Amino acid sequence: PSRSLPPLLLLLLVLPLGPAAPCSPQPNATRFVCTEPTLSTFPSGLPPPALARLPRPPGPPPPPALPAAFTALAPPLPPALAISVEFTVLATLLPPALAGLPRLQELHLSSNRLATLPEALLRPVPTLRVLDLTDNLLADLPAGIFTGTGHLRHLVLQGNRLRVLQPAWFRHLLHLCWLNLAANALAEVPPEVFRPLHSLRSLDLSHNRLASLAPGALAGLRALERLDLEGNRLGTLPPATFAPTPALRLLFLPDNELRALPAGIFVPLRHLRVLDLARNRLRALELPPRPPGPTLDLDISGNPWVCECPLLALLRRVAPRLTAARDTLCASPTHYRGQEVAAVSWAGDTGC
């Protein structure tokens with residue numbers, strides 16, 4: 001008796017067996033996304049709509065404009081390109097990788113295996129606004145890599161192996177608003193390295209190896225609103241650390257090794273709304289002046305607080321909102337040990 005072939009085998013016989021090119025660009029696409037795990041070469045032949053708004057080359061004048069009734073029926077010009085090549089085994093980018101994409105605005109290259117970048121990589125994309133290089137293997141960057149990217153707004157270098165910050169990287173980034181340097185191997189922030197970044201609103205230096213901040217490390221950051229220093233090795237801070245950042249609203253310093261805070265260190269921060277000092281080794285507290293607007297959100301949990309008059313009176317005067325009150329406990333004196341700082345500070349029998 002005749003036996004029919006299984007449906008799966010029939011399907012395999014019908015389908016072509018040749019390897020398909022991973023992540024082939026689609027014609028007229030304005031956003032290209034590739035997350036093919038086996039991709040090892042940056043895709044070529046990326047879609048050309050970014051050329052649509054290039055200036056017209058010299059030559060005869062263009063024909064007269066069409067009447068409004070006709071132009072209303074014409075398709076709109078495509079937006080600038082965004083390219084995402086992420087979660088691949090891409091290890092190398094050649095200098096002309098982005099050639100022919102002068103209107104590119106977003107480039108996402110996270111979770112690849114990039115260990116180096118060519119200095120000329122970004123020269124063909126002068127209008128780039130967003131560059132994401134999260135979770136690669138970058139230990140350094142060419143000094144002039146951002147020379148032609150003056151329109152850059154967001155730069156993400158989180159999760160690489162950067163050890164030293166070069167002032168040349170930031171010299172031309174006058175419009176940068178967001179800089180993420182978290183989870184690298186930075187041991188210091190050179191004085192005035194960020195001075196050109198007059199527009200910076202958010203700076204993330206968390207989970208590096210910073211044991212101290214040099215005086216002037218934050219110089220020039222007058223527009224900065226969010227600073228994250230979580231998970232470093234900070235044991236002390238210079239008294240004028242935050243003098244250059246009067247607009248700061250959110251400050252994160254948890255999981256460091258701070259033992260003391262200089263008197264008045266937070267006085268310049270009159271707009272501060274969130275202060276996180278959790279899980280340090282602090283026994284005494286400094287706070288910014290009481291804000292005229294919303295209450296300060298304060299996390300001071302996981303520190304060995306000395307619940308005596310200086311701390312208790314300060315908390316009553318500034319009246320912050322303790323965001324982890326149950327884990328904010330007195331370590332001394334003995335009769336308050338293990339009690340919640342908030343409860344002790346508002347008790348009527350402290351003698352303060």
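1. H154 stands opposite W178 in β6, and strand β5 (residues 154-156) runs parallel to strand β6 (residues 178-180), to which three bridges join it. Strands here are DSSP runs of E with at least two residues, numbered from the N terminus, and two of them pair if DSSP finds at least two bridges between them.

2. The model is predicted, so that local features need pLDDT of at least 70 and side-chain atom pairs count only at pLDDT 80 or more, whereas totals for chains, interfaces and linings use all residues. Residues are numbered from 1 along each chain as its sequence is written, and side-chain values use heavy atoms, with hydrogens and water left out.

3. The open sheet is formed by twelve strands with parallel pairing, in the order β1-β2-β3-β4-β5-β6-β7-β8-β9-β10-β11-β13. Its edge strands, β1 and β13 (321-322), each pair on one side only.

4. Strand β2 (residues 82-85) is covered on both faces, with A82 and S84 buried on one side and I83 and V85 buried on the other; buried means under 20% relative accessible area, exposed over 50%, and partly exposed in between (1.4 Å probe, protein chains only). I83 in β2 has F32 opposite, while A82 stands opposite E106 in β3.

5. The side chains of E106 and R31 meet in a salt bridge at 3.9 Å, N to O, the criterion being a side-chain nitrogen of Lys or Arg within 4 Å of a carboxyl oxygen of Asp or Glu. Because E106 lies in strand β3 and R31 in strand β1, this pair ties together parts that are 75 residues apart in sequence. E106 is partly exposed at 28%, as is R31 at 44%.

Definitions and conventions
Helix = DSSP H or I, 4+ residues; strand = E, 2+ residues; numbered from the N terminus.
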